Amino acid sequence: MSVSTRTYHHGDLRNCAIAVAAQLVESSGSYDITITQVAKLSGVSAAALYRHFKDKKALVSAVAERVHMTFTHYLLAAEAEVERGTLAHFEALGRAYLRFADEKRTFFRLMWEYRGSAEIKQGTAPAMAAGFQILLDAVELYMTRQSSPQPHSPMRTATLLWSTVHGIATLRHNHLLDTFDENVKAEELLETATHAILEAN
């Protein structure tokens, strides 16, 4: 994917720069970008960008936050199509997770693998938590509808579900899911695992 020079409208340089930086990240597969690169592609001076981002870390933090927000939108769009708190709800969220990993491959890898600085982690924490909160809310609603006592807390169950879908998505992302089972399908595997986790609770 090539990164083209963008012009920006008055007062929108910050968002323009984030979009350009995100394109650079996606095309290069790395967060190793510079203020100078982004400024040049945005059609402004580096000094102009420093009025919006105090340094590269601040710019990278904004990009990481944008990626997590995009991911959250995938989940919200998926759950809007089904009844919340049902097995279909979890299946829709899981498919959205897998779809994001396929459609946004570079971002999927970087949003979880990038370690960065404590400042970047702190800056992206709310956006990162938003996606997990959607799953946690779904688990809490599902559990309120169950008549029998639940062996695990909603948080633990949500963590089990997230770990499962992330593992499947990551294995498929790395072309390793069919290493031992050549007939495996990610969506079918996830559905089986999701049902097993929820029915065990």
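**Why these words? A chat about the model**

Colleague: A62 sits in helix α4. What makes a stretch like that a helix?

Modeller: Helices are DSSP runs of H or I with at least four residues, strands are runs of E with at least two, and both are numbered from the N terminus. On that rule the protein has nine helices and zero strands, so the pattern along the sequence reads α-α-α-α-α-α-α-α-α. Keep in mind that this is a predicted model, in which local features need pLDDT of at least 70 and side-chain atom pairs count only at pLDDT 80 or more, while totals for chains, interfaces and linings use all residues. Residues are numbered from 1 along each chain as its sequence is written, and side-chain values use heavy atoms, with hydrogens and water left out.

Colleague: Is A62 buried or exposed, and how do you know?

Modeller: Buried means under 20% relative accessible area, exposed means over 50%, and partly exposed is what lies in between (1.4 Å probe, protein chains only). A62 comes out at 6%, so it is buried.

Colleague: Which residues does A62 touch, and what counts as touching?

Modeller: Contact means heavy atoms within 4.5 Å. Leaving out residues up to four places away in sequence, A62 touches R14, I18 and F53. As for A17, 45 residues from A62 along the chain, the two C-alpha atoms are 9.7 Å apart.

Colleague: Why is α1 called roughly perpendicular to α4?

Modeller: Axes are lines fitted to C-alpha atoms, for helices over the stretch in contact, and angles run from 0 to 180 degrees between N-to-C directions. The axes of α1 (residues 13–28) and α4 come within 9 Å and cross at roughly 80°. Under 35 degrees is roughly parallel, over 145 roughly antiparallel, 65 to 115 roughly perpendicular, and the rest oblique. That puts α1 roughly perpendicular to α4.

Colleague: Which residues of α1 and α4 meet there?

Modeller: From α1 you get R14, N15, A17, I18, A21, A22 and V25, and from α4 you get L59, A62, V63 and R66. By class, that contact has eight nonpolar, one polar and two charged residues. Ala, Val, Leu, Ile, Met, Phe, Trp, Tyr, Cys and Pro count as nonpolar, Asp, Glu, Lys and Arg as charged, and the others, Gly among them, as polar.

Colleague: Which residues of α2 are buried, and what do they pack against?

Modeller: In α2 (residues 35–42), I35, V38, A39, L41 and S42 are buried, and they pack against α1, α3 (46–50) and α4. G43 follows α2, with a positive phi near 80°.

Colleague: Why is H175 called exposed, while H89 is called buried?

Modeller: H175 has 63% relative accessibility, so it counts as exposed. H89, in helix α5, has 0%, so it is buried. Leaving aside neighbours within four places in sequence, H89 is in contact with E79, V82, E83, R84 and A138.

Colleague: How do you know where K54 falls on that scale?

Modeller: K54 has a relative accessible area of 61%, so it is exposed. You'll find K54 in the loop between α3 and α4.

Colleague: What makes something a pocket here, and not a cavity?

Modeller: On a 1 Å grid over the protein atoms alone, a cavity is a set of points where a 1.4 Å probe fits but cannot get out, whereas a pocket is an open set with protein on both sides within 12 Å along at least five of seven lines; lining residues have an atom within 4 Å of a point. Points are joined across faces, edges and corners, and a volume is the space filled by probe spheres set on them. The largest pocket comes to about 300 Å³. Of its 19 lining residues, Y97, G131, L135, W162 and V165 are the closest to the centre.

Colleague: Which helix gives the largest share of that lining, and how does the lining divide by class?

Modeller: The largest share, five residues, comes from α7. The lining of the largest pocket divides into 14 nonpolar, five polar and no charged residues.
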